[in-house]
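This report goes through selected parts of one structure. Please look over the sequence and the 3D view before reading on.

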Amino acid sequence: MSDTTRVYSYSAVLMGSPILLKLFAHDEALASRVFRLIKQYEDLLTVNRAQSQVMDINHAAGKRAVTVSSPVYSLIKCAKAASMLPDSAFNLAIGPLVKRWRIGFRGDTVPPAEDIVRLLALTDPKQVVLNDDEQSVYLTQAGMEIDLGAIAKGYIADRVRDYLRKEGVVQGLINLGGNVQTLGTPEGGWSIGLKKPFSTSGSMIGTLEIAHKSVVTSGVYERFFEHNGRFTTISSTRVPATR
């Protein structure tokens with residue numbers, strides 16, 4: 001990006017993360033609408049509060065199917081498809097394990113091995129039953145929980161990009177706590193910095209020069225706790241904890 005290019009930055013804290021919007025024209029009203037849009041999606045998808053459409057599904061596990069809105073259904077359908085790929089490390093049904101570990105929240109702890117074994121039995125993505133005609137989702141076993149934390153921010157970033165295009169924005173950037181989505185290509189292109197893990201000075205390990213792409217990173221140095229080793233939010237139903 002050219003040093004002479006004027007960029008306007010707007011920020012908020014949503015989804016438990018710092019949100020940054022960059023535009024090439026001053027428009028606080030548009031920024032406010034973008035943040036409201038993000039909040040609307042957060043309210044639909046969060047599992048960190050008792051009420052959301054995803055939590056409605058989780059509360060009904062083993063009891064009944066729940067009809068949800070088109071955005072929620074389409075994301076869950078995408079998440080299940082990703083979960084069912086051969087050798088996929090993604091699993092939308094990982095919720096029981098995430099909830100038990102509570103990494104990044106008060107009360108995080110290393111569960112007993114028997115708890116992990118018991119909860120792993122509730123993480124089979126094949127037991128997430130979808131009905132396209134009714135846009136309903138049914139978790140076949142009581143105790144199952146969907147958690148879209150690994151995919152929701154990227155989905156929301158794409159929806160923000162689409163909204164900005166609809167509003168006539170041709171160049172911009174949205175950063176949802178490490179999920180960076182770019183729109184258009186400013187003079188000189190986009191230069192996305194990659195933070196050096198564990199650095200206390202904010203130094204970078206490098207930059208990516210991109211156009212019309214998104215950049216997503218995750219690491220073991222942001223959310224974790226120490227207990228005879230480091231346990232992080234990067235978990236798997238194949239390897240339930242990462243040190």
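## Tyrosine 10 and its surroundings

The side chains of Y10 and H26 make a polar contact at 3.0 Å. The model is a predicted one. A polar atom of the Y10 side chain also lies 2.8 Å from the backbone nitrogen of D27.

Y10 is part of strand β1, which covers residues 8-14. Y10 counts as buried because its relative accessibility is 11%, and the cut-off for buried is under 20%.

## Glutamate 145

E145 sits in the loop that runs between β5 (136-139) and α6 (152-166). Is E145 buried or exposed? E145 is buried, because its relative accessible area is 15%, and buried means under 20%.

The side chain of E145 makes a polar contact of 3.2 Å with the side chain of K99. Leaving out residues up to four places away in sequence, E145 touches K99 and others, among them N58, L92, I94, P96 and L139.

## Nonpolar cores

The largest nonpolar core holds 49 residues, and I38, I146 and L148 have the most contacts inside it. Helix α1 (residues 28-45) gives the largest share of this core, 8 residues.

Apart from neighbours within four places in sequence, I38 is in contact with L14, M15, I19, I156, V160, I174 and L176. There is also a second, separate core of 6 residues, which includes L173, V180, W190 and I210.

## A sheet of three strands

An open sheet is formed by 3 strands in the order β3-β5-β4, and the pairing is antiparallel. Its edge strands, β3 (66-67) and β4 (128-131), each pair on one side only.

Strands β4 and β5 are joined by 4 bridges in the antiparallel sense. Which residue in β5 is the bridge partner of V128? The partner is L139; L139 is also one of the residues that E145 touches. Helix α3 (residues 70-83) packs on the sheet and touches β4 and β5. The direction of helix α3 makes about 130 degrees with that of β4.

Note on methods: Residues are numbered from 1 along each chain as its sequence is written. This is a predicted model: local features need pLDDT of at least 70, side-chain atom pairs count only at pLDDT 80 or more; totals for chains, interfaces and linings use all residues. Side-chain values use heavy atoms; hydrogens and water are left out. Helices (H or I, at least four residues) and strands (E, at least two) are DSSP runs, numbered from the N terminus. Buried means under 20% relative accessible area, exposed over 50%, partly exposed in between (1.4 Å probe, protein chains only). A polar contact is a pair of N or O atoms within 3.5 Å; within protein, one must be able to donate a hydrogen and the other to accept it, and residues adjacent in sequence count only if both atoms are side-chain atoms. Contact means heavy atoms within 4.5 Å. A nonpolar core is a set of buried Ala, Val, Leu, Ile, Met, Phe, Trp, Tyr and Cys residues joined through side-chain atoms within 4.5 Å. Two strands pair if DSSP finds at least two bridges between them. Axes are lines fitted to C-alpha atoms, for helices over the stretch in contact, and angles run from 0 to 180 degrees between N-to-C directions.
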